[in-house]
Amino acid sequence: MIFFELKPEIISPANPRPFPKPIQQGFLFENVGFKYKHAEKWAIRNLSFSLNAGEKLALVGENGAGKTTLVKLLSRLYDPTEGRILLDGYDIKEYDVLELRAGIGVIFQDFVRFQMTAGNNIAVGRIEQKENTPRIEHAASKSLADSVILKLPKGYEQIIGRRFAEGVDLSGGEWQKIALGRAYMRDAQVLILDEPTAALDARAEHEVFVRFSELTKGKTAVLISHRFSTVRMADRILVIENGQLLEIGSHEELLKKKKVDTQNSLIFRREDICN
């Protein structure tokens with residue numbers, strides 16, 4: 001009974017502002033800080049930067065630097081402990097929370113592997129369109145999941161996962177392409193990929209992100225990857241360290257700036273960023 005009595009902490013205001021269609025300016029973080037409950041350390045602190053409409057921004061940082069927390073704040077899964085996030089000049093708390101989340105497509109590295117048909121796994125991205133077969137197939141084509149699904153005995157009607165007797169399991173990389181299909185199924189104005197290709201080899205990940213770059217032209221996008229050959233596709237790279245912004249700029253700008261410690265900065269830690 002206690003579970004059913006729980007109420008969401010993040011709700012829409014009484015008279016919400018409609019989500020902009022299209023986004024005109026973009027997002028602005030103003031001195032944003034976030035601390036998890038009962039935690040002594042801030043996950044993010046004094047974070048200020050802009051994410052312009054139509055821009056592709058890559059987030060770079062070590063594990064635990066605050067990258068995933070940042071995108072959860074952007075998609076309003078969390079609210080800042082301090083500071084604020086603006087969308088087209090207004091605090092995102094002023095917008096209808098469901099409209100805001102519907103306008104943002106996110107795939108996290110710990111995505112869910114639904115034990116149901118391949119088609120429904122993708123349809124989860126926009127569940128009210130679960131009977132829209134052309135849209136599901138189009139999303140699968142965008143994420144390269146169509147090549148995986150077409151090999152299954154029952155195609156889009158095949159149950160995937162081993163929980164049920166008739167289920168067919170997939171490799172980690174194949175599951176990730178299915179999950180990516182959910183983001184494309186959403187057809188959102190903002191797309192966020194939080195290391196969703198970790199199980200892919202370097203060549204396969206590069207192919208996914210090249211396709212992502214092509215398919216998100218004109219859309220706002222955020223990508224997180226530990227492979228620097230991938231993040232170079234972004235318009236700008238934001239380097240985050242211990243929850244704070246270390247540096248931001250294009251790949252070329254970061255290589256030229258002397259402010260960044262070339263011995264310790266993540267941008268210069270791997271040779272492939274210069275290749």
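Predicted model: local features only at pLDDT ≥ 70, side-chain atom pairs only at ≥ 80, totals over all residues.

Residues are numbered from 1 along each chain as its sequence is written, and side-chain values use heavy atoms, with hydrogens and water left out.

**Exercise 1.** Work out which way the residues of strand β3 point and which strands β3 is joined to.

*Step 1.* Find β3 at residues 56-60; strands are DSSP runs of E with at least two residues, numbered from the N terminus.

*Step 2.* Check the cover: 5 of the 5 residues in β3 are buried, meaning under 20% relative accessible area with a 1.4 Å probe, protein chains only.

*Step 3.* Sort the directions: K56, A58 and V60 point one way, L57 and L59 the other. In a regular strand, side chains alternate between the two faces of the sheet.

*Step 4.* Look for partners (strands pair if DSSP finds at least two bridges between them). β8 (residues 220-224) runs parallel to β3 with 4 bridges, and L59 sits opposite I224 there. β9 (residues 236-241) is also parallel to β3, again with 4 bridges, and R236 is the bridge partner of L57.

**Exercise 2.** Compare the reach of helix α6 with its expected span.

*Step 1.* Locate α6: 15 residues, 172-186. Helices are DSSP runs of H or I with at least four residues.

*Step 2.* Take the expected span, 1.5 Å times one less than the number of residues.

*Step 3.* Now the cover: 12 of the 15 residues in α6 are buried, including W175, L180 and Y184.

*Step 4.* Go just past α6, and D187 has a positive phi of about 50°.

Technical notes: Buried < 20%, exposed > 50% of the residue type's maximum accessible area, 1.4 Å probe, protein only.
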